[in-house]
Each structure stands twice: as C-alpha cells, then as structure tokens.
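These are my notebook entries, kept in the order in which I looked things up.

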Amino acid sequence: MKEATFVIIGGGIAGVSCAEGISFLSPEESIILISSSPVIKKVTNLKHLTKLLSEFSVEERSPDSLSETCSLLTVINDSVTSIDYENKIVVTTKESIGYERLCICSGASPKLIDIANPYVIGIRDTDSVQEFQKRVCSSKRMVVVGNGGIATELVHEVEGMEIVWVIKDNHISATFIDPGAAEFFQSSLVKSDEDKTAPTKRMKFSLSNAKGSTTEAGGAALGPDWHSNVDLRGILQQKSTVTVEYKSEVKRIIDHVEGKNLLSEDWPVYVELTNGKIYGCDFIVSATGVVPNTSFLDGTGVQLSSDGGITVNWKMETSLPDVYGAGDVCTASWEPAPQWFQMRLWTQALQMGTYAAKAMVMSILGEELLQDFAFELFSHVTNFFGFKVILLGLFNGQGLNNEYEILLRVTKSSEYVKLILKDGRMQGAVLIGDTDLEEMCENLILNQLDLTPFGEELLNPDIDIDDYFD
Ligand SMILES: Cc1cc2nc3c(=O)[nH]c(=O)nc-3n(C[C@H](O)[C@H](O)[C@H](O)COP(=O)(O)OP(=O)(O)OC[C@H]3O[C@@H](n4cnc5c(N)ncnc54)[C@H](O)[C@@H]3O)c2cc1C
Ligand SMILES: NC(=O)C1=CN([C@@H]2O[C@H](COP(=O)(O)OP(=O)(O)OC[C@H]3O[C@@H](n4cnc5c(N)ncnc54)[C@H](OP(=O)(O)O)[C@@H]3O)[C@@H](O)[C@H]2O)C=CC1
C-alpha cells in the first residue's frame with residue numbers, strides 16, 4: 001500500500017495551494033495529491049493590491065509542473081471512493097493509500113435546477129464550458145437562471161443571442177451587489193456604448209432612507225477570465241438582448257410538444273416561470289450555486305453543515321481525527337472575525353488551502369498554530385460588466401441588522417463607491433471602477449478609526465483623504 005505523511009484530495013486551487021504550502025513548510029515530508037481531473041489548477045501572477053486584496057491568474061497545468069515547487073509530491077489521477085479514517089486510509093477506484101494527515105479539497109459541483117433534463121446545463125470546469133460553447137454557437141435564445149457570479153458574467157459576455165435572465169430578486173447580481181450598484185450596471189445590460197459622464201453625485205443616507213433594500217450576503221472550477229478565450233457568440237448577427245424577469249423562478253420545464261401547443265412558437269424546450277410567463281429557448285443555464293463534493297465521505301459520520309459543506313473549525317479540522325478540509329468543499333464554522341465571512345471564491349480556496357497546510361504541519365510538529373491574517377477581512381476583486389469590482393468587509397451590511405449608514409459616490413458609467421459605516425466606523429466597502437480607494441478602505445476597516453469628524457468629506461474627490469491618515 002502506498003503511504004505518505006500528507007494526502008490531499010483534489011487538484012483545484014485549494015488542493016494545490018495546500019500541497020505547495022506543505023512543501024514550503026516541511027520540504028522533507030512526502031505528499032500524495034489525488035485528483036480525478038488529469039490537470040491541476042495553479043495560481044500564477046499573484047499581485048497584491050493591498051495587504052489582503054490580491055489578483056491572480058489560474059492556469060491549468062500538467063501535474064508534473066508541480067515538481068518545481070513540491071519535490072516530494074506524487075500526483076495520482078484517480079477518484080477517491082471512500083475513507084477509512086480509523087485506519088487512516090483513503091480508498092480510490094484502483095488502490096488504498098495510507099496517511100498521517102488528510103486534507104479534503106474536493107471542491108463543489110453546480111447545483112442544477114433539473115439534473116436529468118438534457119436542455120439544462122451548468123458551468124464549472126473546462127468540459128462544461130466546451131459543452132456550453134457548443135450550445136451557444138448554434139442557438140438563438142437561452143434562459144439563464146440564477147443571480148450570482150456565473151449569471152452576471154454570462155449575460156455580459158455572450159453575444160448574438162436573446163438572453164432571458166430569470167432572477168428571484170428585484171435587482172440584478174444580488175449575490176454580490178446592492179440595488180444601487182445594480183442600477184449603476186443596468187445600462188450595461190442594454191449593451192450600448194454610452195459616454196462616460198462627468199457629474200459626480202455624493203450622498204449620505206441612513207438605511208431607512210435608502211431606495212430598495214440591501215441584500216444579505218448572501219472537475220476543478222474555472223479560473224478568472226475563463227470566458228476570454230472562448231467564443232461565446234450565438235447565431236444572431238447582433239448584440240445580445242437581455243430580458244430580465246425579476247422576482248421569478250422556474251416553475252417547470254416544458255418539453256417541445258407541449259410547449260409548441262401552448263406558445264405557437266417552435267423551440268426545443270420551454271420554461272414556465274412563477275410569474276406565469278412561458279419562454280421557448282434553445283437551452284437553459286442553471287447558474288444556481290454549488291453543492292460541495294462529499295459523497296465519498298458517506299458512512300464516515302463526518303459533520304456536514306446545512307449547506308452540505310464539511311464543517312471545519314478555525315484550524316481547518318473536520319470532525320474526523322487528523323482529517324482537514326479546505327476550499328469550496330468546506331464550511332467555515334468558527335466564530336468569524338467581525339468583517340469576515342465565507343463565500344465560495346478562489347481567493348478563499350487559496351487562503352484556506354495554504355492555511356490548512358500550515359495547520360497540518362504544525363499538528364505533526366506539535367507546535368502552536370495562530371489563525372491567519374487573511375481571515376480578518378473579507379476581500380474580493382473581480383470584474384462585472386467590464387468594471388473592476390472590489391468588495392471589502394461587510395460590503396452589503398451583512399449581519400448589521402440594517403443598523404448602519406451608507407456613504408455613496410456615483411459617477412455614471414465610471415465609478416460607484418459605497419462605504420458602510422456603523423457608529424462612525426467603516427465596516428465594508430463596494431468599489432466599482434478605478435477608484436483607487438481600496439488601500440484606504442482596507443486600512444480603515446481594519447483599524448476601526450472613528451470617522452465621524454470627516455463626515456461626507458471621506459468621499460470628496462477633491463480631497464486626498466490618504467493625507468489625513470499618513
Ligand atoms: C464559471 C466559474 C467562474 C468563477 N469565477 C470566479 C471569480 O471570478 N472569482 C472567484 O473568486 N471565484 C470564482 N469562481 C469560484 C472558484 O473557481 C472556486 O471557488 C474555486 O476554484 C474552488 O477551488 P477548490 O480547489 O476548492 O475546488 P475545485 O476547483 O472544484 O477543485 C476540486 C478538485 O477536487 C477533485 N475531486 C473532486 N472529487 C474528487 C474525488 N472523489 N476524488 C479525487 N478528486 C476529486 C476535482 O477533480 C478537482 O480537481 C468561479 C467558478 C466558476 C465555476
Ligand atoms: N466573479 C466572481 O466572483 C464569480 C464567482 N463565481 C463563484 O462560482 C460559484 C458558482 O457560481 P453561481 O452558480 O453563479 O453561484 P452563486 O452562489 O454566485 O449564485 C447562485 C444564484 O442562484 C440563485 N438560486 C439558487 N437556487 C435557485 C433556484 N432554484 N432558482 C433560482 N435561483 C436560484 C441564488 O439565489 P439565493 O442566493 O437567493 O439562493 C443566487 O442568486 C459560486 O461560488 C460563485 O461565488 C462564479 C462566477 C464569477
């Protein structure tokens with residue numbers, strides 16, 4: 001039987017960063033990484049924008065490429081079928097592998113609204129993108145269900161199609177942004193090239209005066225810009241049109257025969273929405289979140305959280321002895337720092353993988369572990385509708401029970417800045433566009449300085465606020 005001090009399940013960002021972390025901290029120990037995908041995901045071009053915010057690329061690499069950074073690593077391309085935690089053995093389809101410490105980084109899979117229907121597809125890995133591209137290039141209309149990251153990217157990136165976007169909320173992209181930011185993006189849905197206009201609007205208001213309500217945040221996954229090398233063009237010779245169906249869900253999917261009778265239009269498949277409308281389309285994208293990959297743990301009694309993720313404590317330990325978890329597969333179940341919460345994102349997969357490596361090495365050495373600084377503040381940088389989007393801390397007032405103030409600065413088609421303050425102290429920020437405010441906001445959230453004396457001046461573009469804090 002093969003054996004290693006450390007065994008890792010999963011070749012995504014969490015698994016690979018865990019392997020690299022162990023090799024860095026304990027280069028003399030053996031590691032086996034088991035992954036059902038033949039390629040691994042490696043973080044490259046890591047660029048720190050601030051202490052905690054970073055941008056990076058994610059590349060698909062051959063497992064051999066890891067030998068540069070991990071000399072005692074063996075990568076096995078196989079699927080884990082079960083774990084015998086009492087005897088510290090991982091069972092794959094072909095063999096059994098012994099371990100001292102095990103880290104589960106098996107990621108998550110799309111949670112589809114209908115798994116059995118061939119017209120419903122999800123997007124997660126390279127294969128699913130190829131399938132999506134195949135459908136797009138021969139299609140006129142798709143229905144996109146969901147209001148999170150994937151749906152937001154798709155409605156912006158796909159050209160030459162009619163897109164019907166079905167969302168439960170009353171504003172777009174609700175997983176990430178508030179109604180105000182959604183309004184800022186709204187013109188991008190029309191897909192026209194509007195001029196950037198100069199006037200800048202600054203506002204301060206308490207939540208009770210705010211229009212709309214803020215939202216409670218609410219194979220290996222793809223990397224940033226996954227769509228940039230894929231031709232996402234439908235067969236219509238025009239820009240895509242996007243019809244948003246607000247506050248609605250898919251009631252049922254109707255087959256070709258019944259749908260044609262109901263609608264007198266000929267489409268491969270039809271969806272009936274809870275608002276009563278029926279749309280015919282070529283296919284349906286279910287961008288409705290993920291479900292952690294844990295089936296190989298059935299029968300172990302491992303503790304799972306309500307979202308299906310493996311419960312991990314602040315040391316990334318699961319409820320099974322010497323078994324750790326990191327990335328999308330796990331659910332952070334410790335008391336979080338006031339401005340941090342979990343979202344299944346690659347930054348967190350990277351941070352958790354690296355930190356789990358440290359926790360496992362410290363446990364073998366019997367040394368004390370301190371929690372990583374990365375878990376002090378939620379930070380995410382991404383791109384929506386062609387704009388840079390930076391989210392910091394409690395960016396949607398998560399957990400503040402609507403008891404906070406908002407400072408807002410909006411320049412149409414150029415920038416959207418929203419600061420969340422409670423008792424004069426900054427709790428979170430949404431920075432859309434090239435605002436150059438990320439460092440200041442990060443510092444102000446971390447140091448909890450009383451900003452009452454600055455009032456609205458905090459967002460006055462004519463004042464270099466950084467001067468006050470040097
Ligand atoms: C289309 C798309 C766009 C995204 N865009 C962004 C973005 O812009 N920004 C962002 O922060 N995040 C984004 N994400 C989310 C991000 O990709 C994930 O949070 C992150 O990659 C999770 O990494 P992971 O290593 O935990 O899991 P995964 O990448 O899912 O890796 C899991 C690994 O485990 C392996 N595995 C699973 N089961 C087994 C088994 N039984 N045996 C052996 N191996 C197994 C898989 O083969 C895979 O190698 C996006 C996700 C998608 C799908
Ligand atoms: N740029 C980025 O940062 C990106 C990040 N990602 C990440 O990739 C993963 C997958 O993305 P995605 O699938 O978009 O997941 P998200 O979790 O981002 O969004 C899922 C969306 O689907 C909604 N939803 C869930 N179930 C249903 C249902 N039955 N009917 C209608 N709507 C439903 C959710 O609403 P509710 O929350 O109300 O349940 C939510 O709006 C996520 O971890 C995401 O964070 C993906 C793309 C880009």
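**Entry: a buried loop residue**

I looked up M316 and noted that this residue is buried, because 27 other C-beta atoms lie within 10 Å; a residue is called buried if 20 or more other C-beta atoms lie within 10 Å of its own, exposed if 12 or fewer, and partly exposed in between, with C-beta atoms placed from the backbone. This is a predicted model, in which local features need pLDDT of at least 70 and side-chain atom pairs count only at pLDDT 80 or more, while totals for chains, interfaces and linings use all residues. Residues are numbered from 1 along each chain as its sequence is written, and chains are lettered from A and ligands numbered from 1 in the order in which they are written.

M316 lies in the loop between β20 (310-312) and β21 (323-325); helices (H or I, at least four residues) and strands (E, at least two) are DSSP runs, numbered from the N terminus. I also noted that its phi is near 65°, a positive value in a residue other than glycine. I wrote beside this that most residues other than glycine have a negative phi.

I then turned to A359, which is found in helix α6 (residues 346-365). The C-alpha atoms of A359 and M316 are separated by 7.3 Å, although the two are 43 residues apart along the chain. Which residues is A359 in contact with, leaving aside its neighbours within four places in sequence? I found K315, M316, Y324 and L369, where contact is taken to be C-beta atoms, placed from the backbone, within 7 Å. A359 is buried, because 25 other C-beta atoms lie within 10 Å.

S413 counts as partly exposed, because it has 17 C-beta neighbours inside 10 Å. Q448, which follows α7, has a positive phi near 50°. In helix α7 itself (residues 438-447), I listed the buried residues as M440, C441, E442, L444 and I445.

**Entry: domains**

I looked up the domain assignment, which gives domain 1 (2-107 + 290-371), domain 2 (112-178 + 215-286) and domain 3 (379-469); such bounds come from an automatic or database domain assignment. The centres of domain 1 and domain 2, taken over C-alpha atoms, are separated by 32 Å. Nine residues of domain 1 are in contact with seven residues of domain 2. On the side of domain 1 that touches domain 2, the largest share, three residues, comes from strand β4 (residues 54-61).

**Entry: nonpolar cores**

A nonpolar core is a set of buried Ala, Val, Leu, Ile, Met, Phe, Trp, Tyr and Cys residues joined through C-beta atoms within 7 Å. The largest one has 76 residues, of which V143, V144, I284, L419 and C441 touch the most other members. Domain 2 and domain 3 both give residues to this core, so it lies between them. Not counting residues up to four places away in sequence, V144 touches A151, L154, V155, I163, W165, V166, V285 and A287. A second, separate core has 55 residues, including V7, V90, I104 and C105.

**Entry: the two ligands**

How many residues surround ligand 1? I noted 38, the closest being G10, G12, G107, A221 and G327, where a residue is near a molecule if its C-beta atom, placed from the backbone, lies within 6 Å of it. α1 (13-25), β2 (31-35), α3 and α6 each supply at least two residues of this shell. Domain 1 and domain 2 both give residues to the shell around ligand 1, so it lies between them.

Ligand 2 is surrounded by 22 residues, and the closest are G146, N147, G148, G149 and R344. Helix α3 (residues 149-157) gives the most to the shell around ligand 2, with four residues. This shell draws at least three residues from each of domain 1 and domain 2.

Key. Two residues are in contact if their C-beta atoms, placed from the backbone, lie within 7 Å.
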